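Open the model in your viewer and keep the sequence panel beside it. The tour goes from the whole chain to two single residues.

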Amino acid sequence: METWLSLLPPLIAIGAALLTREVILSLSLGIVSGSLILADFSVSKGLTDSFQVVFAQVADPDWAVPNIIFLLVLGGLTALVGASGGAEGFGRWAISKVKSRSGAQMVPFVSGCAVFIDDYFNCLAVGQIARPITDRQGVSRAKLAYILDSTAAPICILVPLSSWGAYLLSQIAKPIEQYDVGLTPMTAFISLIPANYYAIMALLLLLLTIWLRMDIGPMKKHEQKAMQLVRQDRVETEDPGNRAVDLVLPLAVLIGASLFFILQTGGYFTKNKDVVQALGDANVMISLLYAGVISVIFAAILYIPRKRVRAKDFLPTFSKGMESMLGAVVILILAWSIGEIVNKLGTGEYLAGLVKAAHLPVEVMPVALFVIAGTMAFATGTSWGTFAIMIPIGAAVAGQFSPDWVLPFIGAVLAGAVFGDHCSPISDTTILSSAGAQCEHIDHVRTQLPYALLAAGTAGVGYLVYGFSHQVWLGLAMSTVLLVVILLFLKKRTATA
């Protein structure tokens with residue numbers, strides 16, 4: 001059903017979430033409205049189909065089940081680490097090393113860039129590491145969620161040795177062969193990096209706002225409130241037995257086991273595949289689940305003999321931690337469900353058709369592809385689905401003119417998809433960034449949006465420059481200069497206000 005009606009469910013869900021701040025209710029409205037459209041507005045069939053779609057997502061044994069269990073296991077592990085005093089001990093150690101709020105924000109930034117293997121893992125693991133540090137330095141949970149989100153998809157899409165890189169290598173292989181680009185998939189991927197203006201601008205914007213100590217839009221209120229709270233909480237009693245190792249070791253086991261199982265399920269050890277092939281063939285969610293279970297077992301061995309967590313309290317504490325993740329799990333299931341609805345409605349195909357029908361001048365096609373891909377990812381909540389639809393379209397448009405344009409046009413598609421995914425309330429990465437920071441989801445969406453729009457605006461100007469100059473690096477330079485100028489202007493204006 002590739003009509004304008006296909007846009008209504010995601011618009012209803014996103015609009016209601018921003019207006020009411022009730023994410024679960026808003027996603028449910030989007031699912032029901034989409035099911036009604038698919039059922040030709042039959043109320044009984046539409047409601048029945050709504051439940052069936054949700055149940056189908058929960059029952060998916062290959063993706064949803066291990067994903068949900070991993071989130072619950074991670075919630076339980078978080079509670080165990082907290083009960084052991086590991087978070088407090090790590091925070092006390094970190095406060096002796098990290099002396100400023102900027103330094104505290106650099107911890108998740110650097111960690112997020114280093115943990116590039118997968119965006120899900122990035123959001124949740126880095127959140128665990130950084131929360132004790134950012135809390136103690138008065139950095140808001142909303143700011144932490146923004147940092148996690150901005151070092152998830154934007155960094156994963158720039159690194160070929162990641163789950164995103166492996167997926168994209170498979171997506172670009174056919175277009176570069178079809179249009180005789182003259183590169184292998186790996187060299188083509190590397191050539192795409194400077195054309196992905198949004199991902200680069202998002203990372204640069206994050207780094208500059210930390211360095212310049214500035215906040216944009218609603219983030220200011222959250223940061224001010226966090227600083228007030230941390231000043232009030234300075235006087236506290238600390239158990240000298242709490243040690244940083246009680247946080248670091250379980251997370252180190254989680255990270256190490258995740259990497260091992262990702263390579264193992266991808267055939268790196270058993271089928272002699274190289275790392276890139278193994279990443280592409282790996283069952284990432286099963287790998288994370290296995291690693292999560294092993295880290296909990298390790299935590300039991302580490303905590304119980306030393307009585308950091310008593311044996312009789314271990315399972316109750318673990319269960320309580322799992323309960324804390326239920327809200328994020330429900331939101332994630334509903335986000336998957338509305339993603340399935342918009343897929344059936346053909347929302348992505350409808351938006352892609354607008355590109356074909358527009359017959360725009362070639363000079364504005366890069367920015368047009370960027371905007372359409374961004375709109376599609378924002379409405380559908382998935383960048384990977386947007387890649388599958390829009391990469392062939394971008395390559396086909398470029399192929400009409402010159403093989404030299406194929407990769408930059410694909411780069412515009414990638415950038416747009418990451419932008420839409422980055423700021424969509426129904427994106428799983430956005431949801432997991434909120435969960436990793438333990439931040440209210442809608443607070444994360446509202447506070448991150450101005451940053452995403454600023455990065456997208458400067459990236460859009462860069463694509464216009466590229467369209468008229470045919471110089472990828474010139475477009476990137478223009479985006480960078482414009483972003484720096486805007487930030488310095490905002491910084492000066494704030495200082496004189």
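The stops below say what to select and what is there.

**The whole chain**

Begin with everything selected; this is a predicted model. Colour by secondary structure: the protein chain has 25 helices and zero strands. Along the principal axes, its C-alpha atoms fill a box of roughly 70 × 60 × 50 Å. The radius of gyration is 23 Å, which agrees with the value near 23 Å that a compact globule of 497 residues would have. Of the contacts between residues at least 6 apart in sequence, 79% join residues at least 24 apart.

**The surface and the charges**

Buried residues account for 56% of the 497. Next, select the charged side chains: there are 32 positive and 32 negative ones, and the centres of the two sets lie 13 Å apart.

**Serine 150**

Select serine 150, in helix α8, which covers residues 141–150. Serine 150 has a relative accessible area of 0%, so it is buried. Beyond its neighbours within four places in sequence, serine 150 is in contact with Leu203, Leu206, His422 and Gln448.

**Valine 159**

Move on to valine 159, in the loop between α9 (153–156) and α10 (163–178). Is valine 159 buried or exposed? Its relative accessible area is 18%, and the cut-off for buried is under 20%, so valine 159 counts as buried. Show what valine 159 touches: leaving out residues up to four places away in sequence, these are Phe116, Gly165 and Phe189. Finally, draw a distance from valine 159 to proline 10, 149 residues apart along the chain: their C-alpha atoms are separated by 30 Å.

Technical notes: Residues are numbered from 1 along each chain as its sequence is written. This is a predicted model: local features need pLDDT of at least 70, side-chain atom pairs count only at pLDDT 80 or more; totals for chains, interfaces and linings use all residues. Side-chain values use heavy atoms; hydrogens and water are left out. Helices (H or I, at least four residues) and strands (E, at least two) are DSSP runs, numbered from the N terminus. Buried means under 20% relative accessible area, exposed over 50%, partly exposed in between (1.4 Å probe, protein chains only). Contact means heavy atoms within 4.5 Å. The radius of gyration is taken over C-alpha atoms; the globule rule is 2.2 Å times the number of residues to the power 0.38. Lys and Arg count as positive and Asp and Glu as negative; His and the chain ends are not counted. The place of a charge is taken as NZ of Lys, CZ of Arg, CG of Asp or CD of Glu.
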